[in-house]
Amino acid sequence: MPKISKIVGLSKAEAEKAFEKFGPNELKEKREFATLKVFFRQFTNVIVWILIIATAISYGIGEVINFWVINFIIVFVIFMGFLQEFKAEKAMKALRNIVRPQTTVIRDGKLMQIEAREVVPGDILSLEVGDLVPADSKVLQDINVEIDESMLTGESLPARKTKDDLIYAGTQVINGRLHAEVVAIGMKTRLGDIATMIQEKEEITPLQRRMDRLGKFLAIIALSASVIILILGITRGATATEMLIVALALAVAAVPEGLPLTMTLALSFGMHKMAKKKAIVRRMMAVETLGSTTVICTDKTGTLTENEMTVQKIFIDNEEILVTGAGYKPVGEFKKGNKNVKSLNKWSELFKACTLCNNADIYEEKNRWLPVGDPTEVSLMVLGAKAGYIKEELDESYKRTEEILFTPERKMMTTVNKIKNEYLVYTKGAPEEVLKLCTHQLLNGKHHKLDKEDIKTILKKNQEFAQKGLRVMAIATKSHGSKKIPSKDIEKDLMFLGLVAMKDPARPEVKEALEVCKQAGIKVVMITGDNEHTAISIARQIGLANGRVRAITGGTMDKLTDKELLERLKETHIFARTQPEHKLRIVNLLRGQGEIVAMTGDGINDAPALKKADIGIAMGIKGTDVSKQASDMILQDDNFVTIVEAVKEGRRIYENIEKFSAYLISRNFTEVILIFLGILLFDFKFLPLLALQILFINAFDEEMPAIGLGLDQAHGDLMQRPPRPPDENILNKGNAFIVFSIAVFSALISFIIFIMHNPIDNIEKARTMVFATIVSMVIVGTYNFRSLRASIALTGVFNNKFLLFAVVSIFATTLFVMYFPVTQKIFVLSPLNFTDWIICIGASLLNLVYMEMIKWFRRNFENNKRLIS
């Protein structure tokens, strides 16, 4: 066996000089957390700017109380938004591994451990099995090196590396030992190139687009109302102060001041609820995006599968034996048919061969079994452990004296082990190659000559396993007595023991999760770097594909135009042998068709598509730092089922956003219509509500019920509905119909009450009646908005504790404002008697009945529309 020669490496002074020149070996994240950036992001909301304009008007006309109240609301909304986003960023930072990785280098002729970030170009790495490659390097000397590049390429089989080959940052040594010279660090590595691909400007989420449209719509309403007031004021000869007072009232009335805060709290609550279910959200606005998802593009390895090669079947004594247990946990049963095999002693040679002809290992950490070495070898070692053959114990008794390494050309590996005075040969490899070296087979504990029919039977079983997506290894042995075996005779006259078939198993819970996605109208697309046969086999297991299935490979994609690929995307669910650019192309094409795309993955190769997707979902346990950096959400348990739960939570959040937006806007439009009616039928001096009264209702009385609606539970089965259209506004036709119908009806009732109480002679009493009526509508009507379709009889009254608390608080606060002398004076209100309250509450109940009628009409209209279509 070759030996690695002496290498001196860099001196301490040279390393320090190189570090000063090239800097640390780390990826730079463009999207770094910046406190000021989060703070200034709060000012991107149109509603906040309308309120700022309102403060300017208040200051200009000397309305000091209005000025300070509006400023307080602005500060409160901005502070809460900043606080919640700040917490989200901190949650992400807490998730990252705080332990800095170490690596071994040769400096001044000595091996030394340093932080990976301190590696510089020219350093000599000394790596062995289990080590992560900290930087792109050129192999100088090697002993049977294999590198796991699956996190970079998506290829599940290890890559063989020899002298002058390049190894890449982020990959892992799974076999052999090597020395390699560092040629690139940090952003200059291949890993850095991929990181650069994802360092693009963040795109706004679908919810941000919808909220932006809604904000602009409300701004247009406020501006239009102000223009109309200006025209009316000029025609009627109103003074500038009178017009500004009305303009202020309209600006305050047209804008739902509580909308940004309610939105922030609803998203924040959803974010924390998802975190409890093992989903950490990096961007708060992305919480809702999951609910809009129409397509999930998912990697195979580690996402749909366990990413843990597991032996599922063995073929021994001409019988097929099922092996239970998944992953690397050394616990499982052996079954023949439906019965457990009680005694495994007769197959001891096969289990010994799997364990001894093996360079892998496993270890337990935090209740998880983790592998060291090649996944295939790990699976064989675990098989032996399930049968009671522990590698450490066997290695002590069966000392290895020689090893013939596995190579892609040989397709097999052999070891010679000595126990007492007996030399034993153990071989594993491709069945067709191993069988060429076998002259006998072990059947039921006896040696039998291996004839052509036997070989035909074994190869037929091998083919049968392969067609099921299993990777098959043949196991063989021989004894050479007490004499040392000449090297040329080691792999001659072997005895066939059996076939071992293994697979990276599908996650057992994925099938049900995919069925839920299907019911929810969400298309799932598998995009993997693995071969098409493995991809199709997994797809069939999890129910992603049935019957005759075809996968499109990356090579085929290169030959297709975008138009041709789009046609294939309509029917194809499986893409194999893909590279990062293929994944990006698929995501871009889907988004170009208006799809809301979620991309899940854990590898470095997934990062560009994770970044480009509407929502990128990375794995918290097995995911790379690059994939986490690119993502919007991280699954702490790497469980596909968590995605389904997150989608459901996203849909609940959006439904609540619709509810509290409709609720707030309907209340604000009620106030706008009221003001217009007052100006048209009376004069600028006889407004039904003053700006400060409107502000109190909007910011205090309406805000708490809106938050209650934002935190409301789901009503109906959200995952039985198709995704809503990507371009649908929050105020869609159905919601807009409810908003404007309720606003007009509420305004008319309130204005009738205003007229009934003679505003010309007693404007303060008339305004107080309108104020109490609007508040009563808030208290009673809020429950109507728990569903924009279902009756209040179905949604209930007492199953939302926060909403119940809000209603009680509003009632108490309103009584305090109306009956406490100081607040009476500030808000220009007068106390009401019992009869007055009966009128106000009666109006609110009438409003409730009217909305029930509107929802009944909507349900019938939508049901009839579905029947016709």
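Does Glu26 count as buried, partly exposed or exposed, and at what relative accessibility? Glu26 counts as partly exposed, at 34% relative accessibility. Buried means under 20% relative accessible area, exposed over 50%, partly exposed in between (1.4 Å probe, protein chains only).

## Model and overall figures

This is a predicted model: local features need pLDDT of at least 70, side-chain atom pairs count only at pLDDT 80 or more, and totals for chains, interfaces and linings use all residues. Residues are numbered from 1 along each chain as its sequence is written, and side-chain values use heavy atoms, leaving out hydrogens and water.

The protein has 869 residues, and 56% of them count as buried. It holds 31 helices and 28 strands. These are DSSP runs numbered from the N terminus: helices are H or I with at least four residues, strands are E with at least two.

## Salt bridges

A salt bridge puts a side-chain nitrogen of Lys or Arg within 4 Å of a carboxyl oxygen of Asp or Glu. By this rule there are 31 salt bridges.

Glu26 pairs with Arg117 in one of them (3.5 Å, N to O). Arg117 sits in the loop between strand 2 (110–115) and strand 3 (124–128), and Glu26 in the loop between helix 1 (12–22) and helix 2 (35–41), so the pair ties together parts 91 residues apart in sequence. Arg117 is partly exposed, at 26%.

Arg507 bridges to Glu509, with the closest N and O atoms 3.9 Å apart. Arg507 is buried at 8% relative accessible area, whereas Glu509 is partly exposed at 23%.
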